[in-house]
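Here are a few friendly notes to read alongside the structure. Keep the 3D view open and follow the points in order.

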Amino acid sequence: ADLADCDLVIEAVIEDLALKKPLYEEIGATVSDRCIIASNTSSLSIAKMAEFCGRPKQMLGLHFFNPVQLMQLVEVVRTEQTDAALFESAFGFAHALGKKPIRCVDTEGFVVNRLLVPYLIEAIALVERGVASPSDVDLAMKLGAGHPMGPIQLADYIGLDTVRNIISGWEGFQVPETLEAKVVEGKLGRKSGEGFYRWDGDKLAE
């Protein structure tokens, strides 16, 4: 009932459609016809969540990047059924927050993760095949491609479980065995203190 008068609701539940479904059913039954219903998902289908809430014209994506207080980008995502005026209102909301929003169509991973996650997976696969060590892969991409952080370290930073969950839901991609093994072992990267590297808080352990 507290949501009944809201102009905008942003859902940021863990990336699991089974958990999101009952929440969206409740949101859809509660909000007004003018309310923008947005998900902060980084990769899941906005159209699927629109089905859950039963308000496809009001459903869109507002993907903020972590850490939100530092990262300027927001992906504003529409489906074929998203109301154009509500979409532009959501875009304006992100802009009013001082962010740099971009417009994109609902697709697996949107823009950033659609490009980024396969890159991380291929880096892990290189290590798995014995082509190079994690540290050498990371050094190569920092010095050779000008990246501020290498892909293995970045996967650790994001969370190996998150990377696994994203890629496992996409067609045409396979989860590397070493990635799956680390997730099963609870070695999730920065959040657990160990992944491909050992971590001390937000920094690599020395």
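1. In which strand is Ser39 found? Ser39 sits in strand β2. Please keep in mind as you look that this is a predicted model.

2. Now step back to the sheet around that strand. The sheet is open and built from five strands, in the order β1-β2-β3-β4-β5, with mixed pairing. The edges are taken by β1 (8-11) and β5 (100-105); each has a single partner strand, so one side of each has no neighbour in the sheet. On average, neighbouring strands are turned by 25° against each other, direction ignored.

3. Have a look at how β1 meets β2. Strands of a sheet pair through backbone hydrogen bonds, and they can do this in a parallel or an antiparallel way. Here β1 and β2 (residues 36-39) pair in the parallel sense, over four bridges. As one example to find on screen, Val9 has Ile37 in β2 as its bridge partner.

4. Next comes a helix. Helix α1 (residues 17-30) lies across β1, β2 and β3 (59-64), and α1 runs at about 170° to β2.

5. Back to Ser39: is this residue buried or exposed? Ser39 counts as buried because its relative accessibility is 0%, and the cut-off for buried is under 20%.

6. Finally, which residues surround Ser39? Leaving aside residues up to four places away in sequence, Ser39 touches several residues, including Lys20, Tyr24, Ile46, Met49 and Leu60. Glu11 is also among the residues touched, and the side chains of Ser39 and Glu11 are joined by a polar contact of 2.7 Å.

Technical notes:
Residues numbered from 1 in each chain as written. Predicted model: local features only at pLDDT ≥ 70, side-chain atom pairs only at ≥ 80, totals over all residues. Heavy atoms only, no water. Pairing = 2+ DSSP bridges. Helix = DSSP H or I, 4+ residues; strand = E, 2+ residues; numbered from the N terminus. Axes fitted to C-alpha atoms, helices over the stretch in contact; angles between N-to-C directions. Contact = heavy atoms within 4.5 Å. Buried < 20%, exposed > 50% of the residue type's maximum accessible area, 1.4 Å probe, protein only. Polar contact = N/O pair within 3.5 Å; in protein donor to acceptor, adjacent residues only side chain to side chain.
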